[in-house]
Amino acid sequence: MANLINLEAVSKSYGVRPLLDNVSLGVGEGERIGVVGLNGGGKTTLLEVLSGLAEPDSGRVSQVRGLRLAVVTQRTELAEGSSIRDAVLAGFDAEHEWAADARVRSIVEGLGITELGLDNPTATLSGGERRRVALAAALIGDLDLLVLDEPTNHLDVEGVRWLADHLLARRSALVVVTHDRWFLDTVCGRTWEVADGRVEQYEGGYADWIFARAERARLAASMEEKRRNLARKELAWLQRGAKARTSKPRYRIEAAEALIADVPEPRNRAELMSFAKRRLGKTVLELEDVTLKAGDKPVVEGLTWRIGPGDRFGLVGVNGSGKTTLLKLLAGEREPVAGKRIEGKTVRLAHLSQELDELPGQLRVLEAVEEVSARVVLGKQELSASQLAEKLGFPPARQWTPVEDLSGGERRRLQLARLLMAEPNVLLLDEPTNDLDIDTLQQLEDLLDSWPGTMVVVSHDRYLVERVTDAVYALFGDGRITHLPGGIDEYLSRRAAARTPVAAKPAPKTSSAAEFRAAQKELSRLERRLDQLHTRETKLHEQLAEHATDPDKLVELNTELKTVRAEIEDVEARWLETSELVE
């Protein structure tokens, strides 16, 4: 497989800080590479040097002749005076040309471009909308290589799923910086970690990278204890809660199992629930017969919703469905059109909004955290202000930076640290993962795992929602809040079903007794098949552990495991369809 781009001994510095130091690597045809690392560690610089937007200080960057390349970074600009149509559909002379192209139509609709208004000027768009337009313009091209910097930042859960499916269907190579762990695991076959001027390369997506980091920590006794413990806990969660996330671990599986043998569950739900009840009493937040609007658009109508002590809810919905408005109502920052909001007497509420609250610019980071409190108890952890700041991405040296000199992402992390230092017992978090790198995300999840209180999280990061919440609710635009026992997968299935044209929908449910019995019989058959497949999947995991030192056998077992997983997904989809007929 030929490389499309090669970096040979490339170095790049800004000021005295080297972001890339003698880096050599290549991007092969059709490869999909995820780039991870700390904020400010050089990920965007790597993309810009790789794609030719920035010149290296030393070394050589070479591209194959005639390389068709598109780049969408956080600094991508749209042409001044252009309309959305100009930016996205410049290669089409007439409306019917692009509308007749299924691939182009899928991109325009999948990223919500038509909803923005094709004839609207790009100058009137928000930052997130401009990024979506730039992304759509890049995806429409027939490319050899696509380079993307945080493409999921301004997409909802459904948009992230669409983008993942689209990229998997493309033949072009991909290099993408993202902190969305589900996206990394779903799309990428290789991972680059940018750290201390170097780029470490790993086979596989996010889960494989975590496995490799955990093994590296086990072998390298000199590695920082904090990082090692965090990798062990993340690995334990991956093994227990999402076994299918990793496909080709490249290290001794027995050693990994031993590494996590003594790691406790991420959280003890019963213990946290009991503690939360003692702190909060019976009443936390309740909405009674509430009607709420965002402008003229109804968000909920006649809603009664009780959020009790220890409840951990995720809230999802398309952009504009009213999630943020509902969260503001729960926080007491919005008034309902009708109905009432009830708050328990012992509630100490903290609301992390998407807007940056006013921060004390005259103070330094540590002083701004200590202004709230010197120490905090989060579950069983007692932390000083400095320790909490470090967990949220402020190393000791950075803690003496004036607040007024912080970036937008750093200000958001500081806002979160100040909220947690106040020791709230109810947390309302609106897109808490924005502007956080993966290491900081892991630290945040580690804190929330053991946090004993009530929590409502609005997030497009399905990985975070699945890990730190116990139930998922959705806004589908029908004036209600819908509980989703199947979590985000159920949300995506319902959204897909809602988009299915009427002509393509299955026939109405029949009242025929014979057809009802046939559907019941098929349901039983599918359930038996699922049991067989899950049993086979478990045995394959055991065989992978037994043959960890036999590369050929591992390849054979992994191939069979992929086949089994694919059939499980197919059978589960048919089970859902059949169960609807039975109901």
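**Terms and their grounds**

Reply: The protein chain has 21 helices and 20 strands. The model is a predicted one. Of the chain's 583 residues, 51% count as buried. Among contacts with a separation of 6 or more, 70% are accounted for by residues 24 or more positions apart.

Me: Why is H4 called roughly antiparallel to H6?

Reply: Helix H4 (residues 102–110) and helix H6 (residues 127–140) pack at an angle of about 165 degrees, and their axes are 10 Å apart. Angles over 145 degrees count as roughly antiparallel, so H4 is roughly antiparallel to H6. The crossing in which H4 passes H6 is right-handed.

Me: What makes the contact of H4 with H6, and how do its residues divide by class?

Reply: H4 contributes Arg103, Val104, Ile107 and Val108, and H6 contributes Ala136, Leu139 and Ile140. By class, the contact has 6 nonpolar, no polar and 1 charged residues.

Me: Why are H7 and H19 described as roughly perpendicular to each other?

Reply: Helix H7 (residues 157–169) packs with helix H19 (residues 487–499) at an angle of about 80 degrees, their axes being 10 Å apart. The range from 65 to 115 degrees counts as roughly perpendicular, and H7 and H19 are therefore roughly perpendicular to each other.

Me: Which residues meet in the contact of H7 with H19, and how do they divide by class?

Reply: Val157, Glu158 and Arg161 of H7 meet Ile488, Tyr491, Leu492, Arg495 and Arg499 of H19. These residues divide into 4 nonpolar, no polar and 4 charged.

Me: What makes a set of residues a nonpolar core, and which residues have the most contacts inside the largest one?

Reply: The term requires buried nonpolar residues joined through side-chain atoms within 4.5 Å. The largest such core has 46 residues, and those with the most contacts inside it are Val88, Leu111, Ile113, Leu139, Leu146 and Phe183. H6 gives the most to this core, with 7 residues. Another core lies apart from it and has 35 residues, among them Leu378, Leu383, Leu392 and Phe394. As for Leu146, once neighbours within four places in sequence are left aside, its contacts are Ala70, Ala138, Leu139, Leu167, Ala173, Leu174 and Val175.

Me: How do you know that helix H13 is mostly covered?

Reply: In H13 (residues 323–330), 6 of the 8 residues are buried. The buried residues are Lys323, Thr325, Leu326, Leu327, Leu329 and Leu330. Just after H13, Gly332 takes a positive phi of about 85 degrees.

Me: Why is Leu292 called buried, and what does it touch?

Reply: Buried means under 20% relative accessible area. Leu292 has 0% relative accessibility and therefore counts as buried. This residue is found in strand E10 (residues 285–294). Not counting residues up to four places away in sequence, Leu292 touches Lys297, Pro298, Val299, Val300, Thr325, Leu326, Leu329, Glu335 and Pro336. Of these, Thr325, Leu326 and Leu329 are among the buried residues of H13. The C-alpha atoms of Leu292 and Gly479 are separated by 8.9 Å, although these residues are 187 residues apart along the chain.

Me: What makes the phi of Glu150 and that of Glu423 worth noting?

Reply: Most residues other than glycine have a negative phi. Phi of Glu150 is near 50 degrees, a positive value. Glu423, which is not a glycine either, has a positive phi of about 50 degrees. Glu150 is placed in the loop between strand E6 (145–149) and H7, whereas Glu423 is found in the loop between helix H16 (408–421) and strand E17 (426–430).

Me: Why is Glu129 called partly exposed?

Reply: Its relative accessible area is 24%, which is not under the 20% limit for buried and not over the 50% limit for exposed. Glu129 is therefore partly exposed. The residue lies in helix H6. Its C-alpha atom is separated by 8.1 Å from that of Leu116, 13 residues apart along the chain.

How values were computed. Residues numbered from 1 in each chain as written. Heavy atoms only, no water. Axes fitted to C-alpha atoms, helices over the stretch in contact; angles between N-to-C directions. Helix = DSSP H or I, 4+ residues; strand = E, 2+ residues; numbered from the N terminus. Parallel < 35°, antiparallel > 145°, perpendicular 65-115°, else oblique. Left-handed = near helix turned anticlockwise from the far one by under 90°. Contact = heavy atoms within 4.5 Å. Nonpolar A, V, L, I, M, F, W, Y, C, P; charged D, E, K, R; others polar. Buried < 20%, exposed > 50% of the residue type's maximum accessible area, 1.4 Å probe, protein only.
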